[in-house]
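Please look over the sequence and the model below before turning to the notes that follow. They are arranged as a briefing, grouped by topic.

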Amino acid sequence: MEMTEMTGVSLKRGALVVEDNDSGVPAEETKKQKFSECNLTKGQDGLQNDFLSISEDVPGPPDTVSAGKGGENSEAQLEDEEEEEEDGLSEVCEEEESESFADMMKHGLTEADVGITKFVSSHQGFSGILKERYSDFVVHEIGKDGRISHLNDLSIPVDEEDPSEDVFTVLTAEEKQRLEELQLFKNKETSVAIEVIEDTKEKRTVIHQAIKSLFPGLETKTEDREGKKYIVAYHAAGKKALAKVRTAADPRKHSWPKSRGSYCHFVLYKENKDTMDAINVLSRYLRVKPNIFSYMGTKDKRAITVQEIAVLKITAQRLAHLNKCLMNFKLGNFSYQKKPLKLGELQGNHFTVVLRNITGTDDQVQQAMNSLKEIGFINYYGMQRFGTTAVPTYQVGRAILQNSWTEVMDLILKPRSGAEKGYLVKCREEWAKTKDPTAALRKLPVKRCVEGQLLRGLSKYGMKNIVSAFGIIPRNNRLMYIHSYQSYVWNNMVSKRIEDYGLKPVPGDLVLKGVREAYREMLTADNLDIDNMRHKIRDYSLSGAYRKIIIRPQNVSWEVVAYDDPKIPLFNTDVDNLEGKPPPVFASEGKYRALKMDFSLPPSTYATMAIREVLKMDTSIKNQTQLNTTWLR
C-alpha cells in the first residue's frame, strides 16, 4: 500500500470491517412485474421524483430464503407459500399515497446524519439535478479482463444440438398452463396428454423438445389413443425430480451436450430494476430457481445498467426468446463457458451520468472536473447504504451488535415516517396496535420483504425467540444492517481524520494509532467495545480491514450540453445503438444546460460520492427530491 500518494491513504477500521459484498439496501417489496409479448420497449421514464435508488456496484450474493432450523413449517412449505405469493403478484396494485414523495422524504436522512461532511477540493460548487430520469445514469460493468461490458450482439451461437425455434410456439397457452401445474404439483393430475394435430415424426419431436426444455423435471412419451397420437408428459421421479430442478443441481443433466460449456454467459441490459429483481423475473419466465444464476456484482434499480450474467444449463436460444417477452430488458452477447461468475471478480464499473439544469459556469465546471480527475474524492459510503426512511439501517445494525433483540424487532417493524407503500404502512400500524405477528403479516400481500420475513419468523418461533425469528431473513439481508453500521462508523471516522490531519499520510493510518481514541469514544457511546467485537452469533462477529480514504477516478471525460426539452435523452444507450438510432445533436444554446460526465471506479466505491465532490452539494434523496420538486414547480 503506497503511502506517498493521496489515493494510497487508507484508514484502519480496527474491529470494524465493512464487507465489500454488500448488495446495498434491498427493495422492501417486490413490485408488480409488467410483461409484454412484444419486443422490448423503453419505459416512459420522464420526469419522476422517486430518487429511491442510485446505482452503484456493490457485489452481493443471491437473495435466497432460509427457513431456519426446527419448527413445524418445513422449508418446502415456506417455498410453496412464496410461490403462491408470486402467483398473486399481479393482484398487488400501486396505492395512491396521501402525501407526495417529496413530502414523505422530508423525514429522510441527510449526508450529515451519516458522517458525510468533508470535501477535498477547493473549487466553487454549483447545483444540478441527479437522476431526474433514471436513463440519466448508466452503469457498464468492467469485467475481470478489464473490458467494459456492452450489449452489442443479439445473435445466438450456432449449435446443431439446439432445438428449433418451433419449441417456443408449438404449445398453446392452455397447454403451457397445464404443464406448469403438473410440474409444480399444483393439481391432482399425474400426467398431461397433448394431442398431436397434423401428426408427423417431426411435429412429435418438436413437442417432446418443447416440454423437456420449457418444463425441467418432466419426461415425455408418445401414446396411441383411439387412433390418435398423444404426447404424454409426466414426472419421472415424483417430487424428488422437482426438488432437483429447484436447486443449483443440474436440471435435465442428460440433455446437455458434453462438448458445450455448462454455463451460458450473457450480457444483461436492464432499465429501472435492480439485479435481484431482474433475476427473479428471468427465473420465473424460465421456470427455474434464481440460484442457478451467477454474477460479479449487483446493480441497483434507478439506472440503466449493463452487466454479465451466467446461468447453469439454459441455452442461449431460450434466453434470447425472452427478448420478445419482457419489457425494459435485453439479453445478448451469448457464449458458453465452463465456469460460472463469482462475486467480486469485476474490476469496477464505468459510469455515464447526466446532471441536468446545472447552474455552474463553464469555468466552474472545468475546475470541478479537473479537480475530480487530478485529486479525486473522499471514499465515503453513499447514502443508499443507510435506507430511505426515518429509521436508518445502521440503527438496526447497532442494536444487533448490542444484542438488543427487542430493539432490533421494534426498529424493523414500528411505524415510521418516510416513503413506503400503503400496505406496509398498514402492516406497521397493525403491529403497533396488536403486537400480533400473524395479524400484521396478513396486511402484507408481498411477504418476501424483510418485515414479512421477520413477522413469519415471529409467528413460527414466538416473541421470546427473536434471534431465531430474525434468522429467517436471508443472511445477506441480515448482514446488510451490520454493514450499514460499519459504514456509519467509517464515514464519521474519515471525516474526523481529515478534519484533524488533512490529506497527508500520518503515522497510525495503518495501525489504528492517532485516531484510535476517536473510534473508542464513538463505539463506547454506542455501548460497544472496540477491543472485543466478538458476538454470540458468529455471523455478527467483526474483524478489521482497510479502505482507501481517497479515490481518483479513471477515464474521466465530460462535456456541457444545451437542451430545451427536459424529456429528451442526452446520449445513446446500447439498445439505441443496436437499433441504429443516431446520437443526439445539441444546439449551441438552449433553455437548460447539462453536464455529461464519464468515469470509471473500482468496486465498492460510490459514484454519488464522486458527483458530490463535483457539485459540493448534498446527494441525499431528501435533498435531491426537494431540489427537483422546486425546479418542477
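In which helix does Ala610 lie? Ala610 lies in helix 18, where helices (H or I, at least four residues) and strands (E, at least two) are DSSP runs numbered from the N terminus. This is a predicted model, in which local features need pLDDT of at least 70 and side-chain atom pairs count only at pLDDT 80 or more, while totals for chains, interfaces and linings use all residues. Residues are numbered from 1 along each chain as its sequence is written, and side-chain values use heavy atoms, with hydrogens and water left out.

- Ala610 counts as buried, at 0% relative accessibility, and Ala610 touches Leu372, Phe377 and Phe599 when residues up to four places away in sequence are not counted, contact being heavy atoms within 4.5 Å.
- The C-alpha atoms of Ala610 and Pro553 are separated by 8.2 Å, although these residues are 57 residues apart along the chain.
- Just after helix 18, Lys616 takes a positive phi of about 60 degrees.

- Three strands form an open sheet in the order 4-6-5, with antiparallel pairing, two strands being paired if DSSP finds at least two bridges between them.
- Strand 4 (191–195) and strand 5 (218–225) stand at the edges with a single partner strand each, so one side of each is left without a neighbour in the sheet.
- Strand 4 and strand 6 (residues 228–235) run antiparallel and are joined by five bridges; Ala193 stands opposite Val232 in strand 6, and the bridge partner of Ser191 in strand 6 is Tyr234.

**Helix 15 against helix 16**

- Helix 15 (residues 475–501) packs with helix 16 (residues 516–525) at an angle of about 135 degrees, with their axes 11 Å apart; axes are lines fitted to C-alpha atoms, for helices over the stretch in contact, and angles run from 0 to 180 degrees between N-to-C directions.
- That angle makes helix 15 oblique to helix 16, given that angles under 35 degrees count as roughly parallel, over 145 as roughly antiparallel, 65 to 115 as roughly perpendicular and the rest as oblique.
- From helix 15, Tyr485, Tyr488, Val489, Asn492, Met493 and Lys496 meet Ala518, Tyr519, Met522 and Leu523 in helix 16.

**Arg398**

- Arg398 lies in helix 9 (residues 393–401) and is buried, with a relative accessible area of 19%.

How values were computed
Buried means under 20% relative accessible area, exposed over 50%, partly exposed in between (1.4 Å probe, protein chains only).
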